[in-house]
Amino acid sequence: MSAADMEAPLCLPRRPLTRLPRVALPQGTVDTHFHVFRAGARLNTPRSYTPAIATISDWAEFSGSLGIARGVLVQPSVYGLDNRVLLEALAAYPDRLRGIVVIDPETAETEIERLDRLGVRGVRINTRNKGGLPLAAARTLAESIAPLGWSLQLQINPEQLPDIAATLSGIRLPIAIDHLGFIPLATETRSRHVDALRRLMDAADTYVKVTAPYRLTKDMNDQGFAEVGRALAATHAERLLWGSDWPHTELWDGMPDDAELIETMQAAIDDPAMAEKIFVRNAEALFFGR
């Protein structure tokens, strides 16, 4: 084992699903953010973590139990530019899945077209993890993927939010921001970050994933996540997406319960018409529109 591998600790395995949420998910729910990991697949070095194995068959069982109809599989940073595990999953469930890949900004048009035929619908930029693409790659990538109607998926730090609109000025394609932009939930700064997210949704074709509260707070009783979700839904329900973030990578203690995570989201979005948009319709339009 290399020194770089030793610096990438093994994540906790996911918890088995032992119960269902008290309220069922809307029919047609789309899980817009999850990852899979196959035994034997080569891991990127350097990387931020070493994943526990969680296969596409495992996700299919998980999603089937919860009534999740379709999913958007996101390339994890630990595989770098090697999208083979993701593409294998798309091939296994071509009607249910779409994919977000990580590719070299100079990837040939013919390769991008091939990925499109396989069900890929976007490229991920990740400034938080080793092995991710930098924000500087966005403009070159946008020129290549915009003709196909793909989106850019951004995993960024909250301090980057105020500058995103200027940085991506002139890019004419949908943008999705992972995990509420990782904004801190502290009351004294919350409104500032919520306003930054709203400005992005106003200024561009930007979506925000209301996902992974455990990445924003260690206290799962913290009401801040629900309050932020409620505040954004009140003004931009048509620009919000839900995802499970299964199997919850980069956790070394406190692995969450998936039923509780869904219930936390449902506490934020308790209007049925609004829930239909956030759990189903927005994702259908963005990822399954063709």
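Me: How much of the protein chain do buried residues make up?
Reply: Buried residues make up 56% of its 290 residues. Buried means under 20% relative accessible area, exposed means over 50%, and partly exposed lies in between (1.4 Å probe, protein chains only). This is a predicted model, where local features need pLDDT of at least 70, side-chain atom pairs count only at pLDDT 80 or more, and totals for chains, interfaces and linings use all residues. Residues are numbered from 1 along each chain as its sequence is written, and side-chain values use heavy atoms, with hydrogens and water left out.

Me: What makes the protein chain as compact as a globular protein of its length?
Reply: There are 10 helices and 8 strands in the chain. Helices (H or I, at least four residues) and strands (E, at least two) are DSSP runs, numbered from the N terminus. The radius of gyration is 18 Å, close to the 19 Å that the globule rule gives for 290 residues, so the chain is as compact as a globular protein of that length. That radius is taken over C-alpha atoms, and the rule is 2.2 Å times the number of residues to the power 0.38. The C-alpha atoms fill a box of roughly 45 × 45 × 40 Å along the principal axes.

Me: How do you know that the span of helix α8 agrees with its number of residues?
Reply: The expected span is 1.5 Å times one less than the number of residues. Helix α8 (residues 224-236) has 13 residues and should span 18 Å; its end C-alpha atoms are 18 Å apart, so the two agree.

Me: Which elements do the buried residues of α8 pack against?
Reply: They pack against α7 (187-203), β8 (240-241), α9 (258-268) and α10 (272-287). Among the buried residues of α8 are Phe225, Val228 and Leu232. Those three are also among the contacts of Leu180, leaving aside its neighbours within four places in sequence. Contact means heavy atoms within 4.5 Å.

Me: What makes a set of residues a nonpolar core?
Reply: Its members are buried Ala, Val, Leu, Ile, Met, Phe, Trp, Tyr and Cys residues, joined through side-chain atoms within 4.5 Å. The largest such core has 75 residues. Val123, Leu152, Leu154 and Leu180 have the most contacts inside it. A second, separate core has 11 residues, including Val74, Ile100, Leu241 and Phe288.

Me: Why is the pair Arg124 and Asp178 called a salt bridge?
Reply: A salt bridge needs a side-chain nitrogen of Lys or Arg within 4 Å of a carboxyl oxygen of Asp or Glu. Here the N to O distance is 3.2 Å, so the pair qualifies. Arg124 lies in strand β4 (residues 120-126) and Asp178 in the loop between β6 (175-177) and α7, so the pair ties together parts 54 residues apart in sequence.

Me: Why is Arg124 counted as buried?
Reply: Its relative accessibility is 3%, so Arg124 counts as buried. Asp178, at 0%, is buried too.

Me: Which distant parts of the chain does the pair Asp178 and Lys209 link?
Reply: Asp178 is in the loop between β6 and α7, and Lys209 is in strand β7 (residues 206-209), 31 residues apart. Their side chains meet in a salt bridge at 3.1 Å, N to O.

Me: Why are Glu276 and Arg281 called partly exposed?
Reply: Glu276 has a relative accessible area of 24%, so it is partly exposed. Arg281, at 43%, is partly exposed as well. Salt bridges that share partners join Arg70, Glu276, Arg281 and Glu284 into one network.
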